[in-house]
Amino acid sequence: MFIGIPGELESALIDRSLPPWELDGSFLAQSTMEEYRTELTATPRFEETAATLHHALTGEGGGYAVLRLGGLAKALGTDGAQFLRLATAFVAEVAVPFSPFPAWPLWKNIGVKVDKDPGKSSGIGYNAFHMDLVNGTLPPDYTTLLCVRPDPLGGGPSILSDVHAAVARLSENSRALLAEAAYHYGTFYDLHGVGEEYNPFPILDGSDPSGGFVRFTAKMLERSQLDPAHAAAARELAEELVQGQITFMLEPGDYLIVNQRRYLHGREALHSGQETVPVSDRRLLLQLFLRAPAGNGPAA
Ligand SMILES: O=C(O)CCC(=O)C(=O)O
Ligand SMILES: [Fe+2]
């Protein structure tokens with residue numbers, strides 16, 4: 001689901017100047033959301049593009065989108081404030097941007113660290129299918145990843161999988177195991193806007209088979225102690241996610257937006273040889289989370 005920016009919109013956006021954003025706690029201030037909307041609805045074809053994005057994320061069969069901001073990135077540069085303000089303004093049409101991490105006001109850098117756990121965020125290895133902030137009672141409705149620089153060695157395609165479709169392919173017995181509060185993952189410390197720590201949690205909450213979160217990370221298979229029966233059911237889900245996976249490479253300026261109630265995400269390994277690449281040339285993504293005000297509906 002790739003969404004291009006019409007040429008006339010792109011030219012108009014390059015000429016706009018959005019003001020700095022303000023925060024209200026860990027959330028983008030309502031006043032900024034309104035200011036940005038007023039500025040952008042005055043540009044040609046913005047509302048139509050925002051509606052296409054919204055439909056891709058919440059319409060039937062949808063759940064993710066890649067907004068192609070490469071032209072804007074090229075014209076404005078990715079280091080200056082304008083490019084990031086425009087990206088923020090686009091997704092503020094979908095839901096409310098926020099930062100769960102006090103250390104990162106709004107956007108968080110995901111670079112490449114050669115000495116980190118290779119399977120975790122900013123590691124160099126396979127980043128298995130997961131939901132971000134899986135162990136909060138209220139994970140972000142959307143996770144978004146803006147590509148500043150792909151892996152210069154050509155690795156690291158993004159992977160996505162329709163999680164409800166994967167669950168539907170499991171046996172009754174596995175689904176029953178996944179609905180039990182027998183799973184846990186990671187630590188929970190000083191996180192904002194994502195509820196309380198959830199430990200242990202059920203992967204399937206049972207109350208809403210098509211619209212709810214499937215609270216899953218395949219990283220738990222290696223990193224959490226699970227009893228054999230529950231671990232086997234989780235492994236089956238991980239395998240079904242791989243069966244249904246979609247793979248694509250993010251290009252500079254591509255902005256991946258994932259509805260966490262429908263799709264799980266991850267990333268294939270970066271190309272070998274990352275230690276030979278200067279840190280400032282390595283792959284760089286910027287991450288931002290969104291909260292839908294009520295259920296999974298649009299921002300008001
Ligand atoms: O590096 C990527 O493409 C994905 C990173 C990710 O999913 C995360 O940090 O949560
Ligand atoms: Fe993630």
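L53 lies in helix 3, residues 46-58, in a predicted model. Helices here are DSSP runs of H or I with at least four residues, strands are runs of E with at least two, and both are numbered from the N terminus. With 21 C-beta neighbours inside 10 Å, L53 counts as buried. A residue is buried if 20 or more other C-beta atoms lie within 10 Å of its own, exposed if 12 or fewer, and partly exposed in between, with C-beta atoms placed from the backbone. Leaving aside neighbours within four places in sequence, L53 is in contact with I3, A65, L67, F90, E93 and V94. Contact means that the C-beta atoms of two residues, placed from the backbone, lie within 7 Å.

Residues are numbered from 1 along each chain as its sequence is written, and chains are lettered from A and ligands numbered from 1 in the order in which they are written. Because the model is predicted, local features need pLDDT of at least 70 and side-chain atom pairs count only at pLDDT 80 or more, while totals for chains, interfaces and linings use all residues.

**The chain as a whole**

The secondary structure of the chain comes to 9 helices and 13 strands. Along its principal axes, the C-alpha trace spans about 60 × 45 × 35 Å. The radius of gyration is 19 Å, which agrees with the value near 19 Å for a compact globule of 300 residues; the radius is taken over C-alpha atoms, and the globule rule is 2.2 Å times the number of residues to the power 0.38. Of the 300 residues, 42% count as buried. Among contacts with a separation of 6 or more, 79% are between residues 24 or more positions apart.

Four strands form an open sheet in the order 7-12-9-10, with antiparallel pairing. Strand 7 (127-130) and strand 10 (246-248) stand at the edges with a single partner strand each, so one side of each is left without a neighbour in the sheet. Neighbouring strands of this sheet are turned by 15 degrees against each other on average, direction ignored; the axes are lines fitted to C-alpha atoms, for helices over the stretch in contact, and angles run from 0 to 180 degrees between N-to-C directions. Two strands pair if DSSP finds at least two bridges between them. Strand 9 (residues 158-162) is joined to strand 12 (residues 263-267) by 5 bridges. Within this pair, I159 stands opposite G266, and L160 has H265 as its bridge partner. Strand 9 is also joined to strand 10, by 3 bridges, and there the bridge partner of S158 is F248.

**Surroundings of ligand 1**

Ligand 1 is surrounded by I110, S121, N127, D132, L145, S158, H265, R267 and L285, where a residue is near a molecule or strand if its C-beta atom, placed from the backbone, lies within 6 Å of it. By class, this shell has 3 nonpolar, 4 polar and 2 charged residues. Ala, Val, Leu, Ile, Met, Phe, Trp, Tyr, Cys and Pro count as nonpolar, Asp, Glu, Lys and Arg as charged, and the others, Gly among them, as polar.

**Loop residues**

Q274 is found in the loop between strand 12 and strand 13 (284-291). Q274 is buried, with 22 other C-beta atoms within 10 Å. Outside four places in sequence, Q274 is in contact with V112, V114, I124 and R282. Q274 and Y126 are 148 residues apart in sequence and 14 Å apart in space, C-alpha to C-alpha.

Most residues other than glycine have a negative phi, and most peptide bonds are trans. The peptide bond from N199 to P200 is cis, with omega near 0 degrees, and P200 is found in the loop between helix 7 (172-178) and helix 8 (220-223).

| Residue | Phi | C-beta atoms within 10 Å | Class |
|---|---|---|---|
| S122 | about 75 degrees | 19 C-beta atoms | partly exposed |

S122 is found in the loop between strand 6 (108-110) and strand 7, whereas D190 is found in the loop between helix 7 and helix 8.
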